[in-house]
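Here are some notes for a colleague who is opening this entry without having seen it before.

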Amino acid sequence: MSTPNLDFERFPIGKFERPAAFNPATRAEAVATLRELPTRLADALRGLSDPQLDTPYREGGWTVRQLVHHIADSHTNSLLRFKLALTE
């Protein structure tokens, strides 16, 4: 019996790696990623049934539906905090 790769279970797309430097090109790439996210997410979810949306991505993990809601909540919260920081 093999030992499960716990890092992969916790971080299926890998751990965050901070870029060595931030410059206009890396900032533009990050903005483009955020801009494309809603469309790419909608494309990935299109056609999924309720049972598929209610399937956890790993044992004991959140469901696809919960992850999608978490992404929306997280991004909204981030935007509101950023706006608050600018106005404070």
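1. The model is a predicted one. In it, Asp 43 is partly exposed, because its relative accessible area is 43%, between the limits of 20% for buried and 50% for exposed. The side chain of Asp 43 forms a salt bridge with that of Arg 46, with an N to O distance of 2.8 Å. Arg 46 has a relative accessibility of 59% and therefore counts as exposed.

2. Salt bridges as a set. How many salt bridges does a search of the whole structure find? The search gives three. The pair of Asp 43 and Arg 46 is one of them, and the next two points take up the pairs that involve Arg 65.

3. Arg 65 and Asp 50. These two side chains meet in a salt bridge at 3.1 Å, N to O. The pair links distant parts of the chain, since Arg 65 belongs to helix H4 and Asp 50 to helix H3, 15 residues apart. Arg 65 counts as partly exposed because its relative accessibility is 29%.

4. Arg 65 and Asp 54. A salt bridge also joins Asp 54 to Arg 65, and here the closest N and O atoms are 2.8 Å apart. Asp 54 sits in the loop between H3 and H4 while Arg 65 is in helix H4, so this pair ties together parts that are 11 residues apart in sequence. At 42% relative accessibility, Asp 54 counts as partly exposed. Through shared partners, the salt bridges join Asp 50, Asp 54 and Arg 65 into one network.

5. Thr 63. This residue is in the loop between helix H3 (50-53) and H4. Is Thr 63 buried or exposed? Thr 63 is buried, because its relative accessible area is 15% and the limit for buried is under 20%. Leaving aside residues up to four places away in sequence, Thr 63 touches Leu 53, Asp 54, Thr 55 and Pro 56. Asp 54, one of these contacts, is also the salt-bridge partner of Arg 65 described above.

6. The largest pocket. Its space comes to about 580 Å³. The lining has 16 residues, and those nearest the centre are Ile 13, Leu 37, Leu 67, His 70 and Ile 71. Helix H2 (24-45) and helix H4 (64-87) each give at least two residues to this lining. Which element supplies the largest share of the lining of the largest pocket? The answer is H4, with seven residues. By class, the lining divides into 11 nonpolar, four polar and one charged residues.

7. The second largest pocket. This one holds about 350 Å³ of space. The residues that line it are Leu 34, Leu 37, Pro 38, Leu 41, Ile 71, Ala 72, His 75, Ser 78, Leu 79 and Phe 82. H2 and H4 are the elements that contribute two or more residues to this lining. The largest share is again from H4, here six residues. Eight of the lining residues are nonpolar and two are polar, with no charged residue.

8. The lining of the largest pocket includes one charged residue, whereas the lining of the second largest pocket has none.

How values were computed
Residues numbered from 1 in each chain as written. Predicted model: local features only at pLDDT ≥ 70, side-chain atom pairs only at ≥ 80, totals over all residues. Heavy atoms only, no water. 1 Å grid on protein atoms, 1.4 Å probe; cavity = no way out; pocket = protein on both sides within 12 Å on 5 of 7 lines; lining within 4 Å. Points joined across faces, edges and corners; volume = space filled by probe spheres on them. Helix = DSSP H or I, 4+ residues; strand = E, 2+ residues; numbered from the N terminus. Nonpolar A, V, L, I, M, F, W, Y, C, P; charged D, E, K, R; others polar. Buried < 20%, exposed > 50% of the residue type's maximum accessible area, 1.4 Å probe, protein only. Contact = heavy atoms within 4.5 Å. Salt bridge = Lys/Arg side-chain N within 4 Å of Asp/Glu carboxyl O.
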